[in-house]
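Grab a pencil and work through these exercises with the structure open beside you. Try each task before you read its solution.

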Amino acid sequence: MIVMKFGGTSVEDAKAIERVISIVKQRRAQKPVVVVSAMARVTDQLLAMARAAGSGDRETALQLSRGLRERHYNAAGELLGTGVFTQFHSELEGDFDALDELLRGIAAVGELTPRTSDNVAANGELLSSKLAAAAFSARGVDATMIDSRECLVTDGVHMRAAPLYDETNARLKEQIVPLLDQGRVPVMGGFIGATKAGVTTTIGRGGSDFSAAIVGAGLGAERIEIWTDVDGMMTTDPNLCKDARRIKVISFDEAAELAYFGAKVLHPATVLPAVQKNIPVYILNSRNPSCEGTRIAARAPTCRNSFKAIAAKKRITIVDVAAPRMLLAHGFLKAIFEAFDRHKVPVDVVSTSEVSVSLTVDSNESIPALAADLAKLADVKYEGRKAIVCLVGENLRETPGIAARVFGELSDVKIRMISQGASEINLTFVIEEQDVPSVIQRLHKTFFSELDPAVFA
Ligand code: ADP
Ligand code: ASP
Ligand code: MG
């Protein structure tokens, strides 16, 4: 069997869902399990209505919900014949009435907890999977919608829940394998799951890719296909640099580094379940299905270019902790990291000097409280609007002089932190957020003007 995951833009309206159906039809013989995201922008809108309700603004919340209701009705109307649509319409009506009820409840209490936020957000994938399954059946593909909350079992950390693999794998086998044996196509929503007790959870923004990998690993898939709106993993974000080119094949390690440091095309957690079972992952374009995309595999072929790709991650804050007398003291770094741990703030890049340590974190609302806590240990400063730039490639391990070429190219750019070594395949540095487009374009020109045809398209 194979897993085919379709992202938000690939299911954004009736036309997009039609394309998905014809793509899946061509893979029928390979027993596909289909994982879908919410329709494009729906998760943002659901979270916006949850926040509006949480701040007591019931009207805004319900108005946003009406817009969403309309969009799903329209898509269903276009996709389903009159008979099916009538029945489906009343089902959708029930779902949206329940959502509105929930929003009224949140507005009445005037408080949005992570648990209720998950309850609202889960609607996106529940609706899109229901709609896609109905559309498949209407087009002669026998499909069954699976409520992912009955398969993907997670811990109770709302908004970024982690899967419990043993439970999940057992439930996947129980629910999905019989459908595949009957020749049916299971269609499930990504991103959502539930605790053992059945409380709805979500696994983090962009998490449908991860869901696809969990399902693929749990069922021993031959391949996992991530269908999106670009031709594959590119040498850099095509939105930042129009010269970005497709990477034909890349290693799991390289793809994981790129995903972690900002290549949004793949959720960073996707790679691990696939690596553990050695299942190849493909990134493909639902608007251009004949393009062969990017293959992510255990080993990539040797490449004449220094790097495979450049990623950038914005909305970064640098935290500088300076303690002239204490830095080298036993236990000092431990105390610093414990503070980050207490505030549940993950650290990306770290660099130390004799008197200070600098760390980068994703900008978020916990930083002031974290800084106040760190101030008990040392002098603390923090500064937002930074970005991490990351160049990735297996060749970094062996090639001397690469760092000199990178920084030589950027001699007029203010570089705040540099890190190379930890993973051996990335060179990472921190710049001002506003410098990202020009830095990416300059580095792309330097390192990707000539491309090894074995690796790049
Ligand atoms: P989906 O909704 O299908 O999950 P995403 O929006 O999450 O799609 O990811 C696809 C987007 O990722 C692309 O449209 C592109 O703008 C962005 N992106 C960032 N870096 C890269 C990269 N290196 N290669 C391809 N796409 C990238
Ligand atoms: N719909 C979710 C999000 O927008 C998950 C996903 O699309 O991967 O974050
Ligand atoms: Mg995505």
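**Exercise 1.** Which side chains meet in a salt bridge with an N to O distance of 3.1 Å, and are they buried or exposed?

*Solution.* Keep in mind that you're looking at a predicted model.

Step 1: Find Lys386 and Glu432, whose side chains meet in a salt bridge at 3.1 Å, N to O.

Step 2: Now see where the two partners sit. Lys386 belongs to strand 14 (residues 379–392) and Glu432 to strand 16 (residues 426–432), so the pair links distant parts of the chain, 46 residues apart.

Step 3: Check the cover. Buried means under 20% relative accessible area. Lys386 has 2%, so it is buried, and Glu432 counts as buried with 11%.

**Exercise 2.** What does the salt bridge between Arg69 and Asp100 tie together?

*Solution.* Step 1: Start with the distance. The closest N and O atoms of Arg69 and Asp100 are 3.2 Å apart, and the cut-off for a salt bridge is within 4 Å.

Step 1: Place the residues. Arg69 lies in helix 3 (residues 58–79) and Asp100 in helix 4 (residues 82–109), so their pairing ties together parts that are 31 residues apart in sequence.

Step 2: Look at the accessibility. Arg69 is buried because its relative accessible area is 14%, and Asp100 is buried too, at 9%.

**Exercise 3.** Where in the chain do Glu424 and Arg397 lie, and how exposed is each one?

*Solution.* Step 1: The side chains of Glu424 and Arg397 form a salt bridge, 3.0 Å from N to O.

Step 1: Glu424 is in the loop between strand 15 (415–420) and strand 16, while Arg397 is in the loop between strand 14 and helix 13 (402–409).

Step 2: Zoom out to the network. Salt bridges that share partners join Asp320, Glu383, Lys386, Lys414, Arg416 and Glu432 into one network.

**Exercise 4.** Which residues surround ligand 2, and how much of ligand 2 does the protein bury?

*Solution.* Step 1: List the neighbours: Ser37, Thr43, Glu125, Phe191, Arg205, Gly206, Gly207 and Ser208. By class, that's one nonpolar, five polar and two charged residues.

Step 1: Pick out polar contacts. A nitrogen atom of ligand 2 is 2.6 Å from an N or O atom in the Glu125 side chain. An oxygen atom of ligand 2 lies 2.6 Å from a polar side-chain atom of Arg205, and a polar backbone atom of Gly207 is 3.4 Å from an oxygen atom of the ligand.

Step 2: Taken alone, ligand 2 exposes 260 Å², and the protein buries 85% of that.

**Exercise 5.** Which residues come nearest to ligand 1?

*Solution.* Step 1: Of the 17 residues around ligand 1, Thr228, Asp229, Met234, Asn239 and Lys264 come nearest. The shell has seven nonpolar, six polar and four charged residues.

Step 1: Follow the ligand's oxygen atoms. One lies 3.1 Å from a polar side-chain atom of Lys5. For backbone contacts, look to Gly8 at 3.2 Å and Val265 at 3.3 Å.

Step 2: Finish with the area: ligand 1 taken alone exposes 580 Å², of which the protein buries 87%.

Conventions:
Residues are numbered from 1 along each chain as its sequence is written. Chains are lettered from A and ligands numbered from 1 in the order in which they are written. This is a predicted model: local features need pLDDT of at least 70, side-chain atom pairs count only at pLDDT 80 or more; totals for chains, interfaces and linings use all residues. Side-chain values use heavy atoms; hydrogens and water are left out. A residue is near a molecule or strand if one of its heavy atoms lies within 4 Å of it. A polar contact is a pair of N or O atoms within 3.5 Å; within protein, one must be able to donate a hydrogen and the other to accept it, and residues adjacent in sequence count only if both atoms are side-chain atoms. Accessible areas come from the Shrake-Rupley method with a 1.4 Å probe; for residues, only the protein chains shown count as cover. Ala, Val, Leu, Ile, Met, Phe, Trp, Tyr, Cys and Pro count as nonpolar, Asp, Glu, Lys and Arg as charged, and the others, Gly among them, as polar. Helices (H or I, at least four residues) and strands (E, at least two) are DSSP runs, numbered from the N terminus. Buried means under 20% relative accessible area, exposed over 50%, partly exposed in between (1.4 Å probe, protein chains only).
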